[in-house]
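Open the model in your viewer and colour it by confidence. The stops below go from the whole chain to single elements.

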Amino acid sequence: MEDIIVPITIVPTLFIGLPWLIMHYVTKWKQTPGSMTAEDETLLDDLHSLARRLEDRVNTVERIVAADNPDFRPGIADYRSDPDYRLEDRTQRRN
């Protein structure tokens, strides 16, 4: 009797239950409002290009100001290569 019940339970579970479960969650995943639409992707690309242009403008302004004023210390232009000058005072105060 047990030889018949186990295959009758396993076969429908594998061929009906498991594909239904997978398809159910795939459709739920596609319906989520958190997914990006094509409009969202174009907006994100536009914002990225705007941020790059603004960064270039800030770098240009900082170079102009640095040429006029030798004591000027840029805050954003060289943030990748130089350590943050605003942190220098904090580390000296701690010691």
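pLDDT is the predictor's confidence in each residue, on a scale from 0 to 100. This is a predicted model: local features need pLDDT of at least 70, side-chain atom pairs count only at 80 or more, and totals for chains, interfaces and linings use all residues. Numbering starts from 1 along each chain as its sequence is written, and side-chain values use heavy atoms, without hydrogens or water.

**Whole chain.** Select everything. The chain has three helices and zero strands. Helices (H or I, at least four residues) and strands (E, at least two) are DSSP runs, numbered from the N terminus. Mean pLDDT is 80, and 78% of the residues score at least 70.

**Surface.** Of the 95 residues, 2% count as buried, meaning under 20% relative accessible area.

**Residues 2–30.** This is helix 1. Now centre on Thr13. Helix 1 bends there by about 40°, the angle between axes fitted to the seven residues ending there and the seven starting there.

**Residues 38–68.** Helix 2 has the highest mean pLDDT among the elements, 91.

**Residues 86–94.** Helix 3 has the lowest, 49. Where pLDDT is low, the predicted coordinates should not be read in detail.

Conventions: The expected span of a helix is 1.5 Å times one less than its number of residues. Buried means under 20% relative accessible area, exposed over 50%, partly exposed in between (1.4 Å probe, protein chains only).
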